[in-house]
Amino acid sequence: MKLGIMGTNWITDSFIEGAINSGEWNLTAVYSRTEEKARAFGEKYGELTYFTDIEEMGKSDACDAVYIASPNALHYQHAVSLLKNKKHVIVEKPIFSTVTELEHAHQIARENNVFLFEAARHIQEPNFKRLQENIEKVGTIHGATLAYMKYSSRYDQVLNGEEPNIFSLKFSGGSIVDLGVYPLYSAITLFGEPVKSTYFATKLPTGVDGLGPIILEYPTFNITIIQGKNSQSFLPSEIYGQKGTLIIDPLTGIENITFYDNATKEETALAGPVVANDMQFEAAEFARIIEQTDRDTYEYLADLSLKVLRVSNELRHQNDIWFDAEK
């Protein structure tokens, strides 16, 4: 399939590499605000079509689908423009700023018979699938701790009094939407939407959250999420139950899954081999859904995306964190 991209940064290069490695995609088009920047990014990939107008890109037959990795606050307007022109759209997480935006965009996608995906890559990894398949080993779930905290080099800019996009309310930034979204996706994929969620956010001078623990409450157990962008954690994640514990390390790009049996005290390794760029699995799955018109899987992923956004919005609002897009 023919792939176009919006957003000329490292995550875009990674997705392109993964998409090409999947064997399902060919990069054919690049959008940027200036042709010079588009060409500077795309020339390493060979002969491509370049765009500086989103409408022109949408109306062109140069691509079948577009991967969007523009600043978070721009995702919605970019996606809607392309969906209305009957292009499939893959949006890098976080998909949009609000639930209303997401519901409206999915409506437009359905009206135009195209697909809208959120690129939450880790739930498509083979080792995440292995985790899902083996979760019954722990027996009755007693709880979980999911950890994903990485120090961002852009936090140094915040310390210098600057406001980079990822730490800006104007651009829908902050920890929970950039890194917290990974453990939220893991929890909601594995256990469903919680009945109650609580976030103890540490706010930064720019108004967004820098880190903080999250508690997800379920009818018979709780999940603790440790996430942040202005500190570094090396903790593994755990799912524990009556029969034993699953130890996952790391939470994304899973390399190790170990089951500890409470009765025998034995440990069993469950993870399979990993690849250098795990984005190929989401790229392959998105292509399969499009090619097979797999509505069931698509609606499952759309509903999952909605649940994650609904919870993350609620957690932000508890801490009086409101994006400019919500005003």
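A cavity, as I use the word here, is a set of grid points where a 1.4 Å probe fits but cannot get out.

Entry 1: I'm working from a predicted model. I searched the whole structure and got 3 cavities of 30 Å³ or more. The largest cavity comes to about 100 Å³. I counted 13 residues in its lining, and the closest to its centre are Phe-117, Glu-118, Tyr-185, Leu-301 and Ser-305. Which elements give two or more residues to that lining? I found strand E6 (116–119) and helix H11 (295–318).

**Entry 2: the open space.** The largest pocket holds about 1,000 Å³ of space. It has 34 lining residues, and I noted Asn-9, Ile-11, Ala-69, Ser-70 and Arg-154 as the closest to its centre. Helix H1 (10–21) puts at least two residues into the pocket lining, and so does helix H4 (75–84).

**Entry 3: what UniProt says.** An unreviewed UniProt entry puts "domain: Gfo/Idh/MocA-like oxidoreductase N-terminal" at residues 2–117. I make that span 42% helix and 22% strand, with its end C-alpha atoms 16 Å apart. The unreviewed entry also lists "domain: GFO/IDH/MocA-like oxidoreductase" at residues 139–246. Here I get 19% helix and 36% strand, and the end C-alpha atoms sit 11 Å apart.

Entry 4: I then went after buried nonpolar residues. In soluble globular proteins, nonpolar side chains tend to be buried together. In this model the largest nonpolar core has 104 residues, and Leu-116, Ile-223 and Ile-239 have the most contacts inside it. Why does this core lie between domain 1 (2–118) and domain 2 (123–274)? Both domains give residues to the core, so it lies between them.

**Entry 5: a closer look at Leu-116.** Leaving out residues up to four places away in sequence, I listed what Leu-116 touches: Leu-83, Val-89, Val-91, Ile-95, Phe-96, Leu-102, Ala-105, His-106, Ala-109 and Tyr-298. I also jotted down that strand E6 (116–119), from my cavity entry, gives two or more residues to the largest cavity's lining.

How values were computed:
Residues are numbered from 1 along each chain as its sequence is written. This is a predicted model: local features need pLDDT of at least 70, side-chain atom pairs count only at pLDDT 80 or more; totals for chains, interfaces and linings use all residues. Side-chain values use heavy atoms; hydrogens and water are left out. UniProt positions are given in the numbering used here, feature names are shortened, and annotations may be inferred rather than shown by experiment. Helices (H or I, at least four residues) and strands (E, at least two) are DSSP runs, numbered from the N terminus. A nonpolar core is a set of buried Ala, Val, Leu, Ile, Met, Phe, Trp, Tyr and Cys residues joined through side-chain atoms within 4.5 Å. Buried means under 20% relative accessible area, exposed over 50%, partly exposed in between (1.4 Å probe, protein chains only). Domain bounds come from an automatic or database domain assignment. Contact means heavy atoms within 4.5 Å. On a 1 Å grid over the protein atoms alone, a cavity is a set of points where a 1.4 Å probe fits but cannot get out, and a pocket is an open set with protein on both sides within 12 Å along at least five of seven lines; lining residues have an atom within 4 Å of a point. Grid points are joined across faces, edges and corners, and a volume is the space filled by probe spheres set on the points.
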